[in-house]
Amino acid sequence: RLYVAAPSEWLMNVARESILAPAIQEGRVIWNGIDDAFFAPPSRLEARAELGIDPEAVLLLFAANTVRANEWKDFATVRNVAGIVAEKLVKRSVVLLILGDQAPEERIGKARILSMPFQRDPSSVARCYAAADLYLHAARAETFSLTIAEAQAVGTPVVATAVGAVPERIRCAKRQKPEQATGFLVPPGDADSMAQAVLAVLGDSQLALALGENSRRHAETSYRRDQQGKAYLDWFSELVGETS
């Protein structure tokens, strides 16, 4: 008799279609919570000054553990996106910051690619999100996406691939009203589509502001750790009451 929790509807459906299905008595989707540091980030200028990033540059961020070696995160697509965006934005420099990997600085076309090792301090991670104009997420599979939730909590617009649970994290600007949208969804492995979405946000300051503010409001009501903890504890109390 299994009581199954999952951080997304997508993963819950996987469980319900698996060998576990006959034993599942009840399933609940309980979203993951994130550290409070992401809800109180520094300003963009402060964050960039601490990271040594040009305040006038376009900064794209991509975060994952061992980015280049992680087959599920598709670094190649994000790298190509940076090159395409830099080619289009002839009057602005473009920097792609890779968080979670260690490698020498490199270039793709006119774009610089900088790497930063995995950071254990949540405030250091939040600083990277706060410094960025956009967070890119090119995953090939995803059960929740903590990094998207973190970016939203900081108020950084997200462009991500529509795989797994990612559409549960993002209300796509192509389908939602401006006051509801939180980012863009694109097909996996499609650098051109991702670059077009990036350029659409960078070319419209009002859209970028709306996506960031909508994302922050959504995160504040959806990704608090105390909410996650309460949801589990309340459920445990129900189950203990049933068994007793």
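## Terms and model

Helices (H or I, at least four residues) and strands (E, at least two) are DSSP runs, numbered from the N terminus.

This is a predicted model, in which local features need pLDDT of at least 70, side-chain atom pairs count only at pLDDT 80 or more, and totals for chains, interfaces and linings use all residues. Residues are numbered from 1 along each chain as its sequence is written, and side-chain values use heavy atoms, with hydrogens and water left out.

Strand β7 (residues 134-137) pairs with β8 in the parallel sense over 3 bridges; two strands pair if DSSP finds at least two bridges between them. Leu136 has Val159 in β8 as its bridge partner. From β7 the chain passes through helix α5 (residues 146-154) to β8, a right-handed β-α-β crossover: with the strands pointing away from the viewer, the path from the first strand over the helix to the second runs clockwise. Strand β9 (residues 183-186) runs parallel to β8 and is joined to β8 by 4 bridges. In β9, Gly183 stands opposite Val158.

## Helices α3 and α7

Helix α3 (residues 75-88) meets helix α7 (residues 191-202) through residues including Ile84 in α3 and Val198 in α7, where contact means heavy atoms within 4.5 Å.
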